[in-house]
Amino acid sequence: MIIDTENLRATELRLGLPGADEEAPDRPARGCKRLMTETGSEESGSRIEVLEDDRGPEATVSSKAQVVGWPPIRANRKNVFPGRKAEAEAAGGGGGIYVKVSMDGAPYLRKIDLKLYKSYELLREALEDMFKCFTSGDFSSVTLGGGGSNYAVAYEDKDGDWMLVGDVPWRMFISSCKRLRIMRGSDAKGLSPKFLN
Amino acid sequence: MKQIKWYACKNPKKNIFNPPSVLFHREASPSIRLLNSKTSPIPPPSSPLREVQFAMLGNGDCDDGNDDRCSLNTCGIAQPNSRPAAAASSLVGLPPPFFDQVLDNVLENVLCFLTSHRDRNAASLVCKSWFLAEAQTRLELFIGNCYAVSPARAIGRFRCIQSLVLKGKPRFADFNLIPLGWGARFSPWIAAMAPSYPSLQRICLKRMTVADADLVILATSFPSFRDLTLICCDGFTTAGLAAIAENCRQLRSLDLIENDVEDDDDDGVDWVSCFPPGKTCLESLVFDCVGCAVNLEALESLVARSPSLWRLRVNDYISVGRLFRLMARAPQLTHLGTGSFSSFDGEGDFRASLESAFMASKSLVCISGFRDLAPEYLPSIYPACANLISLNLSYALITTDQLKPVITRCHNLQTFWVLDSVLDEGLQMVAATCKNLRELRVFPLDATEDSEGSVSDVGLVAISEGCKKLQSILYFCQTMTNAAVVAMSNNCQDLVVFRLCIMGRHRPDHLTGEPMDEGFGAIVKNCKNLTRLAVSGLLTDKAFAYIGKYGKLVRTLSVAFAGNSDLGLRYVLEGCPKLQKLEIRDSPFGDTGLLSGIHHYYNMRFLWMSSCKVSVKGCKEVARRLPHMVVEVIRDRLEDDNSVAMEKLYMYRSLAGPRNDAPPFVKLL
């Protein structure tokens, strides 16, 4: 996979205490994992293992990428200060970011919540799983990026321009992405080859 | 206890179980056969059932530090002998030669003085006549896990229970880790008890699902019923409360603590009006969790005609405008839970009236509530502060400056719950004034991982230096240092409960960058009375090595996002002989760690592991080797059974075997 997630994280601007954040590499989103287990194959099973870091799989909740049941505060206490929550939601903390995903040649669209995925890699895998049933022929041809891929993923940004996915930091991407399109590699000429390679 | 246990069994003739036909039930355990054989009254150590037997002697108390109600003087849970209840009951109707009346009378009279469940459990193991006598005289029944024993079995053994404590779901259910409908229904229990315990007086339920129908049965089956306490329960509405109010004529306490009462807002039944007219014997009425409006006139009238009322905690439909009137009608109150500590629109300014009310309530020792606090009303409580033993401001969004005049008056405070909005400076004030503080809980205003920290190691150190008698602490923060935790371990050696929640997962010491191992290590090492521990922050297996080495009295351990490998879990399971309740989430412990506790699981009430590295295979192995463990695998959704990754494991010892009410998302191995 092309995206250098380590360096990407280093360039990310974040608010946090110095030295405080030693968070693990992104965990697989719940949606991803579910798709993978549905295939039932050994390969997906092991893929889950690889993706999981030492801390085990977690269920993610869409808003603010919080973990279920953490911190351990009962609901009756958490709900008491809605003012805080409303502020957070106004800041984009609440709700999901749902975008339509279309694929050339597929009979219908899908919709995904970008907040469930923490990185391009997870998004790529989710899209692969979601759309592999639409490809004629073998599934291995649906690799978004990497050698031998014949599909590219592009997104429409706030200005209405179509850009190739993968150029900008993840957070910037999800805040500007309006819809996604999986296009045949041949149509992707002229767009930046970064996501492809 | 050890001295007396041999006395009763010296004379074999006194063994009332001579007729073998009664006891040789095909399910009789080795222990019973031995009792019958007149050799040793104590079953051999090798029998697995005996392990379970003695294991279930263990922890009986139901406190996890959360409920003040449950520290009843209660007894242990039922015994695992195969069919002793059946055997015993089959003898009761037999003619006198089978009973040594003198011995039994003496025994029963002596045993009446035993109230501690541990002592009672020990006594019941001595021999059959002691077992019987104890069963006949036990008045308070404590069942720490409702699935550990079936209602029929418990009732079959203990015939004259007056007080029941029953706990259901594991604690992590509070944090949405268990889907709805998991179980712990009260219905089978009340159905079994209604005909069998006519003199039942008290019921305390925690994390059970209680239906309105259950409350109706309860209300109409026990003429002497007096105390109902529901903590973190769900499934009932105000209709159930109405049934209680209307029918329980001897009701002394109705304590509803943090329950999920299922009425829609404002759609409830007017249960307060259902109390019978005339003087009541009500002593305690706690309903702050009931989310519907109450009939205010009816409430005032009820309070006015309840001269024994010493505790009243109202919900947030009561504003200060009504509060001072209630207080005026109950000047003898010792425990007050305010509703909304503000006046509703258009109601007016009640500061003067409220202050007078607090001045007049000279007996107040505990104040809580303070929902929707309007800061201008806070000064009303100043007159009462000097007498306060307990103050709960954890629903009050107040600043350091607003806290100051309150806390500096509370010299006698022993229990203090507060929001972290008061900052470290607020905690420093607490430390400066509350020299008798025993319990402190600091809750986060913003309960998310990446919120700005409001309190820190500074506050913790200040508390440790000022409140040396501290016994119990629950502290939410974003970051912490080992030095602060070590300081607390040195200053507060009386600590029994230490729960530190560093909300940022895997956060190391923010000064040194090191894991938090040394801090927690110091706690288990220096605080020799520690029985409950919750750890957080970046922790390696070393922390667990410390816990296993020094935490010899630890009974409850909560672990989240911690440890490196199976070693961590092994250290704890091998090192902590008193461990009863172990709840772990998101930690890299797998099957090896799980299996390292086989020798101990019968001594525990439960083990919870979610999002760890345990596999179904490992769980099946445990189930195979420990036939009296119920091993539940709980899924969030109905997934492919063969998925390798396992979500949640909940396992517990049980005499009842796998339960028959498990929902589809629970798989019993």
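Q: What does Asp157(A) touch, not counting residues up to four places away in sequence?
A: Asp157(A) touches Met163(A), Ser176(A) and Lys178(A), leaving out residues up to four places away in sequence. Contact means heavy atoms within 4.5 Å. This is a predicted model: local features need pLDDT of at least 70, side-chain atom pairs count only at pLDDT 80 or more, and totals for chains, interfaces and linings use all residues. Side-chain values use heavy atoms, without hydrogens and water, residues are numbered from 1 along each chain as its sequence is written, and chains are lettered from A and ligands numbered from 1 in the order in which they are written.

Q: Where is Asp157(A) found?
A: In the loop between strand S3 (151–156) and strand S4 (162–164) of chain A. Helices (H or I, at least four residues) and strands (E, at least two) are DSSP runs, numbered from the N terminus.

Q: Is Asp157(A) buried or exposed, and what is the nearest side chain of opposite charge?
A: Asp157(A) is buried and has no salt bridge. The nearest side chain of opposite charge is Lys178(A), 8.6 Å away. Buried means under 20% relative accessible area, exposed over 50%, partly exposed in between (1.4 Å probe, protein chains only). For charge, Lys and Arg count as positive and Asp and Glu as negative, while His and the chain ends are not counted. A salt bridge is a side-chain nitrogen of Lys or Arg within 4 Å of a carboxyl oxygen of Asp or Glu.

Q: How many helices and strands does chain A have?
A: Seven helices and five strands. From the N terminus on, the order is α-α-α-α-α-β-β-α-β-β-α-β. Of its 197 residues, 42% count as buried. Among chain A contacts between residues at least 6 apart in sequence, 59% join residues at least 24 apart.

Q: Back to charges. How many salt bridges are there over all chains?
A: A search of the whole structure finds 31. One of them pairs the side chains of Glu258(B) and Arg74(A), at 3.0 Å, N to O. Glu258(B) is in the loop between S5 and S6 of chain B, and Arg74(A) is in the loop between helix H3 (42–51) and helix H4 (75–78) of chain A, so this pair joins two chains. Arg74(A) is buried, with a relative accessible area of 14%.

Q: What does the side chain of Asp227(B) meet in a salt bridge?
A: The side chain of Arg202(B), at 3.4 Å, N to O. The pair links distant parts of the chain, 25 residues apart: Asp227(B) is in strand S4 of chain B and Arg202(B) is in strand S3 (residues 202–206) of chain B. Asp227(B) counts as buried at 6% relative accessibility, while Arg202(B) is partly exposed at 22%.

Q: And in S5(B), what is the bridge partner of Asp227(B)?
A: Ser253(B). Strand S4 (residues 227–231) of chain B pairs with S5(B) in the parallel sense, over five bridges. Two strands pair if DSSP finds at least two bridges between them. Between S4(B) and S5(B) the chain passes through helix H11 (residues 238–247) of chain B, in a right-handed β-α-β crossover. Right-handed means that, with the strands pointing away from the viewer, the path from the first strand over the helix to the second runs clockwise.

Q: What pairs with S5(B) over three bridges?
A: Strand S6 (residues 284–286) of chain B, in the parallel sense. There, Leu254(B) has Leu285(B) as its bridge partner.

Q: Why is S5(B) called largely enclosed?
A: Five of the five residues of strand S5 (residues 253–257) of chain B are buried, so the rest of the structure largely encloses it. Both faces are covered, with Ser253(B), Asp255(B) and Ile257(B) on one side and Leu254(B) and Leu256(B) on the other. In a regular strand, side chains alternate between the two faces of the sheet.

Q: How many residues of helix H18 of chain B are buried?
A: Seven of the 10 in H18 (residues 457–466), so that helix is largely enclosed too. Among them are Leu460(B), Ala462(B) and Ile463(B). What covers the buried residues includes helix H17 (423–433), strand S12 (439–443), strand S13 (472–477) and helix H19 (482–491) of chain B.
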